[in-house]
Amino acid sequence: MTVTFKGCYTVRPMEPTWCGRLPLSEWDQIGTITHVNTIYFYRPSQNWLFSTIATTLKDSLSRVLVPFYTLAGRLHWIGNGRFELECNAMGVRFTEAESSLTLEDLHNFSPSSDEYQYLIPNVEYTLSIHELPLVLVQLTRFKCGGISIGLKISHAIADGPSALHFISEWARLARGEPLQTTPFHDRKVLRGGEPPLVPQPPYHDKWEFNLPPLLLGETEEIRKKKTTLAMIKLSKNQVEKLRKTANESWHGPSNGRGYTRYETVTGHIWRSACKARGHKQDQPTVVGISVDSRCRMQPPLPKGYFGNATFDVVATSLAGDLMSKPLGYASSRIREAVEKATDEYVRSGIEFFKKKEDLTMFQDLHAKIRTEARPFYGNPNLGVISWLTLPIYGVDFGWGKEVYMGPGTHDLDGDSLLLPGPDGDGSVLVAICLLENHMDAFKEHIYEDIM
């Protein structure tokens with residue numbers, strides 16, 4: 001694919017914004033602290049010149065960075081794997097590019113296409129963290145007149161709900177509409193920058209953290225194998241069939257409440273991955289589940305809370321149990337993990353990480369290779385993030401809604417994401433990254449068990 005870069009700009013807030021160091025919460029400083037990709041494709045009418053589109057995006061971006069001023073700042077290490085946010089209006093990187101392809105050449109926007117890597121901005125993690133923009137945007141024009149907007153947003157500053165809040169407000173301003181929800185930036189509601197509580201609160205020991213299990217008989221060579229990303233669609237009928245199977249098998253859902261789409265589909269993915277990976281019966285395996293604490297805390301976090309309020313809970317099992325027992329068993333393990341996430345559990349997690357001398361081992365920037373002290377999240381494990389209830393579609397900057405939106409490129413074995421079908425038809429899209437030699441078997445298992 002030929003992509004020609006036409007210009008690179010720094011977009012700063014249009015008006016003066018607050019400057020200074022902003023303490024971050026523990027949830028900001030653990031897990032994924034690198035950038036997360038998303039990409040939108042559009043077919044503007046011929047009335048929209050590319051230069052006008054670029055100007056519209058840059059001008060509205062400059063305006064939206066006034067209320068979302070944290071995204072124009074830079075991170076700074078303060079030692080022991082901890083960092084703060086320097087609000088300094090250094091700005092966002094905006095790149096313009098042209099492609100020699102048409103949108104039709106992108107194979108139905110498959111994220112495994114080699115072309116994707118040229119449509120998403122690149123981040124040089126070899127640079128010091130204070131040199132890295134927190135947001136990078138790439139606007140690419142295709143030969144057919146279509147465009148893509150590739151985004152990288154630092155997960156240290158914004159989780160999924162916050163990132164989508166920013167994107168939707170940016171689009172509103174681009175359309176000439178007013179801001180809908182003002183972002184709330186003060187991390188003190190999650191005790192950001194504060195020391196551990198003394199004496200310890202009664203809930204201090206509720207949080208659990210264990211290193212994910214390793215693959216039995218694993219060698220380092222296994223982790224060097226190439227991964228691939230697939231987008232798999234489950235129709236509404238298939239999802240409903242899975243839910244019916246889960247709810248009628250095993251011992252029935254707790255609290256008499258039927259299993260959710262997430263609990264059902266994630267359980268099905270977990271079982272299918274164990275089969276595709278050829279796990280032994282006694283292979284321990286975990287699935288990381290991202291939980292949003294905004295409404296789980298008492299009182300709930302302020303409306304528009306901008307930062308990280310999501311954290312991972314872990315469901316555990318032996319692969320043999322997942323493969324031999326019905327789907328309801330896998331869903332029950334996931335339900336059990338999710339139900340741990342109470343207000344006390346969230347606050348216990350905050351205290352757990354505040355008491356840690358060093359947070360390095362809990363950050364993805366350092367955890368891609370497992371050592372004795374650091375976790376490795378690939379085979380035999382999974383991470384399944386849900387965007388099922390988030391407003392990910394209908395992002396209109398003025399030239400109409402996107403023709404496709406997706407998560408961009410991912411290369412970590414076991415990473416997966418659930419998205420609602422774009423047509424609102426009740427279908428679920430599974431974006432999953434696995435080793436190349438496991439993907440075909442995974443596709444077979446995920447469909448054959450629904451037949």
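Contact here means heavy atoms within 4.5 Å. Keep that in mind for these exercises on a predicted model.

**Exercise 1. Find which residues of H4 and H7 meet, and work out how the two helices are oriented to each other.**

Solution. Start with the residues: from H4, Leu242, Thr245 and Ala246 make contact with Leu327, Gly328 and Ser331 of H7. Sort them next: three are nonpolar, three are polar and none is charged. Now take the geometry. Helix H4 covers residues 236–248 and helix H7 residues 327–338; their axes lie 7 Å apart, at an angle of about 85°. Angles of 65 to 115 degrees count as roughly perpendicular, so that is how H4 and H7 stand to each other.

**Exercise 2. Decide whether Ser25 is buried or exposed, and list what it touches.**

Solution. First locate Ser25: it sits in the loop joining strand S2 (20–22) and strand S3 (35–42). Its relative accessibility is 0%, and buried means under 20%, so Ser25 is buried. Leaving out residues up to four places away in sequence, Ser25 touches Arg187, Leu190, Gly192 and Asn308. Finally, look at a polar atom of the Ser25 side chain: the backbone nitrogen of Trp27 is 3.3 Å from it.

**Exercise 3. Check the span of helix H1 and find what covers its buried residues.**

Solution. Helix H1 (residues 50–64) has 15 residues, and at 1.5 Å a residue it should span 21 Å; the end C-alpha atoms are 21 Å apart, so the two agree. Its buried residues include Phe50, Ile53, Leu57 and Lys58. Among the elements covering the buried residues of H1 are strand S1 (3–11), strand S6 (92–99) and helix H2 (160–174).

Methods: Residues are numbered from 1 along each chain as its sequence is written. This is a predicted model: local features need pLDDT of at least 70, side-chain atom pairs count only at pLDDT 80 or more; totals for chains, interfaces and linings use all residues. Side-chain values use heavy atoms; hydrogens and water are left out. Axes are lines fitted to C-alpha atoms, for helices over the stretch in contact, and angles run from 0 to 180 degrees between N-to-C directions. Helices (H or I, at least four residues) and strands (E, at least two) are DSSP runs, numbered from the N terminus. Angles under 35 degrees count as roughly parallel, over 145 as roughly antiparallel, 65 to 115 as roughly perpendicular and the rest as oblique. Ala, Val, Leu, Ile, Met, Phe, Trp, Tyr, Cys and Pro count as nonpolar, Asp, Glu, Lys and Arg as charged, and the others, Gly among them, as polar. Buried means under 20% relative accessible area, exposed over 50%, partly exposed in between (1.4 Å probe, protein chains only). A polar contact is a pair of N or O atoms within 3.5 Å; within protein, one must be able to donate a hydrogen and the other to accept it, and residues adjacent in sequence count only if both atoms are side-chain atoms. The expected span of a helix is 1.5 Å times one less than its number of residues.
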